Amino acid sequence: MAKKIRNPFRELEASLREVPPGMKKKVMNDIAAAKLIMDLASLFSFNIGSALRKLFRTSGNN
């Protein structure tokens, strides 16, 4: 008779449980806050060169 091979991935799948709603909400809020901070950082860091050029650019007519 063939020896049954133990599959660790099936054991992991069998041990999955639903996350408590309070913890799920906290994690989603933390992710939203981190995304907001990343968006603000990108707004001020990547576009600052362009903003400064537009601020200090003088027209050729002056």
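The structure is a predicted model, in which local features need pLDDT of at least 70 and side-chain atom pairs count only at pLDDT 80 or more, whereas totals for chains, interfaces and linings use all residues. Residues are numbered from 1 along each chain as its sequence is written, and side-chain values use heavy atoms, with hydrogens and water left out.

The mean pLDDT (the predictor's confidence in each residue, from 0 to 100) is 82 for the protein, and 87% of its residues reach 70 or more. Three helices and zero strands are present, where helices (H or I, at least four residues) and strands (E, at least two) are DSSP runs numbered from the N terminus; along the sequence the pattern is accordingly written α-α-α. Confidence is highest in helix α2, at a mean of 90, and lowest in helix α3, which covers residues 48-56, at 77.

With regard to burial, residues were classed as buried under 20% relative accessible area, exposed over 50%, and partly exposed in between (1.4 Å probe, protein chains only). Of the 62 residues in the protein, 0% are buried.

A search of the whole structure finds three salt bridges, each defined as a side-chain nitrogen of Lys or Arg within 4 Å of a carboxyl oxygen of Asp or Glu. In one of them, the side chains of Arg-6 and Glu-11 meet at a distance of 2.8 Å, N to O; Arg-6 is exposed because its relative accessibility is 62%, while Glu-11, at 40%, counts as partly exposed.

Two further pairs belong to helix α2. Lys-26 and Asp-30 form a salt bridge whose closest N and O atoms are 3.1 Å apart, and because these residues lie four positions apart in helix α2, about one helical turn separates them. Lys-26 counts as exposed at 53% relative accessibility, whereas Asp-30, at 43%, is partly exposed. Lys-35 is joined to Asp-39 by a salt bridge with the closest N and O atoms 3.2 Å apart, and this pair is likewise four residues apart in helix α2, and so separated by about one helical turn. Asp-39 is partly exposed, with a relative accessibility of 42%.

A nonpolar surface patch is formed by Val-19, Met-23, Val-27, Met-28 and Ile-31, which together have about 470 Å² of accessible area. Patches are made of residues with over 30% relative accessible area and no salt bridge, like charges being joined within 9 Å and nonpolar side chains (Val, Leu, Ile, Met, Phe, Trp, Tyr) within 5 Å. Of the patch members, Met-28 lies in helix α2, which spans residues 21-46.

Notes. Accessible areas come from the Shrake-Rupley method with a 1.4 Å probe; for residues, only the protein chains shown count as cover.
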